[in-house]
Amino acid sequence: MRGFPVRPGTGESVGEAARAVARRQAEQLTLVRRRAQPTAVYITRLTATAVFAYLLALQLPGGSTRSVLAPLTALLVVQATLFHTIRSAVQRVVGVTAGVLAAVAVAAYVPFSWWVLGLLIAGALCLGLVLRLREDILEVPISAMLIFSVDSHAAATSRITETLVGAAAGLAAGLAFAPVRVQPAKDAIGDLSRQMADLLGQMANGLAEAPDPRRATEWLDRTRALRGEIDRLDDALSQAEESIRLNPRRLVAANPAAGLRTGVDTLERAATDMRVLARSVVDSARIDSEHSPIREADTRARLAAVLAELSAAVRSYGQLLEAEPAGAAERHRYFGPSGLSPEPIAEDLEDHLEEAQRQQDRLADLLRADPAERPEGWPLRGEILAHVDRLRSELAPEHLPDQAQVRPPLRTALRELRRDARVVPHGRA
């Protein structure tokens, strides 16, 4: 069987390529930025929550004038997102209640001693595991030890009620001040799309002349590096979705995170198409023969034209994901503006994809070859065309997020009720 003539590589060239990749990775922009609240806002939020919980606890009948259990619980309950705050509050209340009840039950029949304390701790931990309290499992033995040591029903009641007050204060703070972390995810999407567009543009410029295997390998390495960036972007998007989940503002305002998951999945598939396309270009560059697809000047020029249009299309697609969803007025009020409008960007995307289709058709004419006449590199001609077509198809308008997802649920429900009222005839139930 006839093989592909391949240029021999040297250890020095491999070492230089590895160093180039290392330098490029060190200089690569981290996509997912940590945009926590400013320190002053964070401190003010927690302080106000704790003081509010303390003032509520003072209103309890028979409560201590210096009890800090309620503000302590409030500080521990408040989390980064409202969903996690609610889950933390429920778990903490369940853990404290279970520990208090266990201590009261044991103290009613067994006097305090070291071995009873040990059994109580072990039993409380097992109870926490059964209740699946996860990171709040220690609340059960801590509460059990505190109540068992004082052996007072008043202390047991006080601990439960103050825990409830602290949890309520933490929930109130979450409802009022829980941050929405959508913008960092949108910024990360924009950064990823620009990085992918820049790489496609560099590949297009590099095809002005036949690239050597070393340069083509660098393109392949950069497409592989996109995998790590996509993973970090997925983490940022998960945080954005959690920040919107159960958020009361979501009922009256358009969901700013709607459709982002679909867009990220599309970019992930596009990055995969870029990687396999770069792999085909590398294989073509290693063929030391005129039958190699990228050694033909006309083929390189047409492939470069397609990649240039796809570069602009990827950039426009990322800008569309950053743009305002439907219902922008409500979003401005509750979540803040993003400063982009989708209509002209969508038109640019369609224009670039149409031009990419025309250039791809011309590229297909140039890549046609008889396997008997050009056996070396013949399979790569079909691979290059297939990968280009798949990349273009991924960015098609039908793969854009559905804007119907961003409508406020409350407004959608009211619209459906009004529509149903018009359908039902008067006088009928």
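This is a predicted model: local features need pLDDT of at least 70, side-chain atom pairs count only at pLDDT 80 or more; totals for chains, interfaces and linings use all residues.
Val90, Val94, Leu127 and Leu131 make a nonpolar surface patch of about 280 Å².

Start with Leu131. Is Leu131 buried, partly exposed or exposed? Its relative accessibility is 37%, so Leu131 counts as partly exposed. Membership of a patch requires over 30% relative accessible area, and Leu131 has 37%.

Now step along the loop. Arg132 is also found between α5 and α6. Its phi is near 55 degrees, a positive value in a residue other than glycine. Arg132 counts as exposed because its relative accessibility is 67%; the cut-off for exposed is over 50%.

Arg134 sits in the loop between α5 and α6 too. Arg134 is not a glycine, yet its phi is positive, at about 55 degrees. With a relative accessible area of 58%, Arg134 is therefore exposed.

Step back to the whole chain. How many helices and strands does the protein chain have? There are 15 helices and zero strands. The chain has 429 residues, and 43% of them count as buried.

Contacts come next. Take those in the protein chain with a separation of 6 or more: 80% of them are between residues 24 or more positions apart.

Last, the surface. The accessible surface of the protein chain comes to about 22300 Å². Carbon and sulfur atoms hold 58% of that area.

Key:
Residues are numbered from 1 along each chain as its sequence is written. Side-chain values use heavy atoms; hydrogens and water are left out. Helices (H or I, at least four residues) and strands (E, at least two) are DSSP runs, numbered from the N terminus. Buried means under 20% relative accessible area, exposed over 50%, partly exposed in between (1.4 Å probe, protein chains only). Contact means heavy atoms within 4.5 Å. Accessible areas come from the Shrake-Rupley method with a 1.4 Å probe; for residues, only the protein chains shown count as cover. Patches are made of residues with over 30% relative accessible area and no salt bridge: like charges are joined within 9 Å, nonpolar side chains (Val, Leu, Ile, Met, Phe, Trp, Tyr) within 5 Å. A salt bridge is a side-chain nitrogen of Lys or Arg within 4 Å of a carboxyl oxygen of Asp or Glu.
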